[in-house]
Amino acid sequence: MTGSSGRPASGDPADALLTLLSELEPVLSSEVVLEALGQAAARPDGRRRIARAVVDRPGLLTGQGARAEFPGVLRFISVLVKAGAVAVVEPPCPRCGRQKQLSALVDGLRLCAGCVKKARALRCGRCGAVRSPARRNDNGQPICQNCWRRDPRSWKPCAKCGNCRRVAAITGAGPVCQSCRPGPAVACSICGSAGSRIGMSQATRTPVCDRCRKRWITCSRCGSGAPLKGGTLREPLCARCLNPDPAFWKRCAVCQETWQLSTAECTRCSLDRKLTQIFTRPGGTAAPELDRLREALVRVDRPDLMLDWLKKAGVRRTLQAVAGHSAVTHEALDTLPPGRTLVHLRSMLVAAGALPARDERLVALERWIGQVIAGCTSPEHRRALHGYAAWHQLRRLRSRLQGRPASRQQVKNVRDQVTAAAAFLGCLEARGLTLGTCTQAELDQWLAGNSSYLARSANFARWAVARRHASGLTAPSSRWTGPAGPLDQDRRWADARRLLHDDTCPAADRVAGLLILLYAQKLSVIAALTTQHVLHEDGRTLLRLGSRPIVLPAPLDALVGALAGGRKAPGSSLLSVPSSWLFPGRRPGSPLTEDALGQRLHALGISPRQGRGTALFTLAADVPAAILAKTLGIHVKAAIQWQKISGGDWSTYAADVSRHSHAQERARAGDQRADPLPSA
């Protein structure tokens, strides 16, 4: 095709090709054009066919490449574009319009692989679906791949495992199934596995398995979340860090930012498109709250996990139901069928700033109380139950919360109290009595029964007498008599030593267990801790549990400091928002629940209730009640009760402190007289 000097020989169509490209692309030299022609075809006759086809139809270079007769023309165009050509255009698929690699000719046009399958699809002679044919039946009718897989002729006993399965390959021993199909001898260059689905990576030219091709990683160099392109599982690399040459990578056709091996839609743009389709109402608009949520979801660290979440049928139904409202509010969400998906969606709306935060436990309690009150048939009982539940229990709970979210135990206590009151009123109504006509004998008979609401009913009876709903009734009040479980000091210290030095346990579980065993904290208090409770002064780490912060000893101080510095809950990558919770939960912007924290501690062999009781018993015997209440954040009455149970006598503590203070003052005064300070 060319002479010894590298120029085209006389009469070669490459000479006319060089003349054509010198006018179309003056920035490209003849050597670059000839090198591109050599990369497009290895043999001289192939290069002549490409040059002749381009010279005869110059429009192939400017967007009409889909009409090329030879596939080498498309390769030639691609090499020219990579070399810096501006006027030369890589043709999109004529049918779908996407910038994909074109393959076979269909009706004079080269289409992408997907469109070729659609164009060659035929109606299956068995199921009737229009799909690409895989086989022909005995009558010559096409059969799709799905029907052929179910055809008995494609199922034979595997020569290796003996099971009757679909034939995946024919070996020297006979047909084998997909599980027994021999894979290549090469291993994946990233994970090292020798699976059956291993191909060559276009980025590294090394074998890579399908699992690694789909991995989404945090780059070990730049720290960004992106698809895995190279490196190892210990040190994964994204596209930019694997090859920083911008000319090596292509860009996403939508955002023009993501570096990848093709111009297909990137994962984030695909997520944005699907969320827009789900959130858009038939009128073509979406609620502003959902737009704000969509913007937050597109920026998540793992958009691939969000796409998997959207594939669930229940999730799509819930999102479409929410998108049907013109304005997304808490009241609108309350009208939808309850479920875990709705709870998670509400938390994401709150975390994204689309909805204001509210105490869901308190709202659910108010809704439940309304249902219980509505279940009373007697107007007198309904009025009394409403006053007890809404104006006594709920108001007292709100005054205790002071704007903080309600804990599970607080809500449970109110539920038990209201349930007991409703059960007592139901018993009176079944006997034809009311609160006003109830006698002491009727109340004693109810309290002497086997019901589990006895103590709670006594509280309601005392309230009814105080509010003049009943008269002449007396009900005993129950007092706490001390811990019910055993107090095991040896086990407590053994568990504490294990949590202090066992690095295999998660840091959050170790800190939570140590706060129970050493500082007698409740699960509800531990779950409500934030980074504002952790203080750093003079190289020390302090934790504020009550009004007076405590100095944490080593190595607990390092554990708490590390926990406050890097907080991320497992499985919380759907929506990552800044959170101040020391123990963040799976729902965005929410702390870890008490039940989940208790389950994690039980898995480590720690009983929270027994451990707290043992710790509080020991501390109450060594520390005065006032100091115990200030440092641990418990009520002073509870501290006094624990002090009495533990047998600690601190009645002379104030006098001892006073005598000690006076002695120190007298000593300082004597020192000043012996060595007076110099005058000013």
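Start by selecting the hairpin of β1 and β2: 2 residues lie between the strands, and Asp107 there takes a positive phi near 55°. The model is predicted, and residues are numbered from 1 along each chain.

β1 covers residues 102-106 and β2 covers residues 109-112; the two pair in the antiparallel sense over 3 bridges. To see how the strands face each other, pick Val106, which stands opposite Leu109 in β2.

Next, select residues 379-401, helix α16, together with residues 454-466, helix α19. Their axes are 11 Å apart and the helices pack at an angle of about 100°. Angles of 65 to 115 degrees count as roughly perpendicular, and α16 and α19 are therefore roughly perpendicular to each other. Show side chains at the contact: α16 supplies Ala384, Gly387, Tyr388, His392 and Gln393, while Asn459, Phe460 and Trp463 come from α19. Colouring by class gives 4 nonpolar and 4 polar residues in the contact of α16 with α19, and no charged residues.

Now move to the largest nonpolar core, which holds 45 residues. Which of its residues touch the most other members? Select Leu514, Tyr519, Leu556, Phe583, Leu628 and Leu632.

Centre the view on Leu514. Leaving aside residues up to four places away in sequence, Leu514 touches Ala496, Leu499, Leu500, Tyr519, Leu556 and Leu559. For a second, separate core, of 37 residues, select Leu362, Cys376, Val418 and Leu443, which are among its members.

How do their axes cross, and within what distance do they come? The crossing is at roughly 80°, and the axes come within 8 Å. That makes α25 roughly perpendicular to α27. On the α25 side of the contact, select Gly613, Leu616, Phe617, Ala620 and Ala621; on the α27 side, select Trp642, Gln643, Ile645 and Ser646. By class, the contact of α25 with α27 has 6 nonpolar residues, 3 polar ones and no charged ones.

Definitions and conventions. This is a predicted model: local features need pLDDT of at least 70, side-chain atom pairs count only at pLDDT 80 or more; totals for chains, interfaces and linings use all residues. Side-chain values use heavy atoms; hydrogens and water are left out. Axes are lines fitted to C-alpha atoms, for helices over the stretch in contact, and angles run from 0 to 180 degrees between N-to-C directions. Helices (H or I, at least four residues) and strands (E, at least two) are DSSP runs, numbered from the N terminus. Angles under 35 degrees count as roughly parallel, over 145 as roughly antiparallel, 65 to 115 as roughly perpendicular and the rest as oblique. Contact means heavy atoms within 4.5 Å. Ala, Val, Leu, Ile, Met, Phe, Trp, Tyr, Cys and Pro count as nonpolar, Asp, Glu, Lys and Arg as charged, and the others, Gly among them, as polar. A nonpolar core is a set of buried Ala, Val, Leu, Ile, Met, Phe, Trp, Tyr and Cys residues joined through side-chain atoms within 4.5 Å. Buried means under 20% relative accessible area, exposed over 50%, partly exposed in between (1.4 Å probe, protein chains only). Two strands pair if DSSP finds at least two bridges between them.
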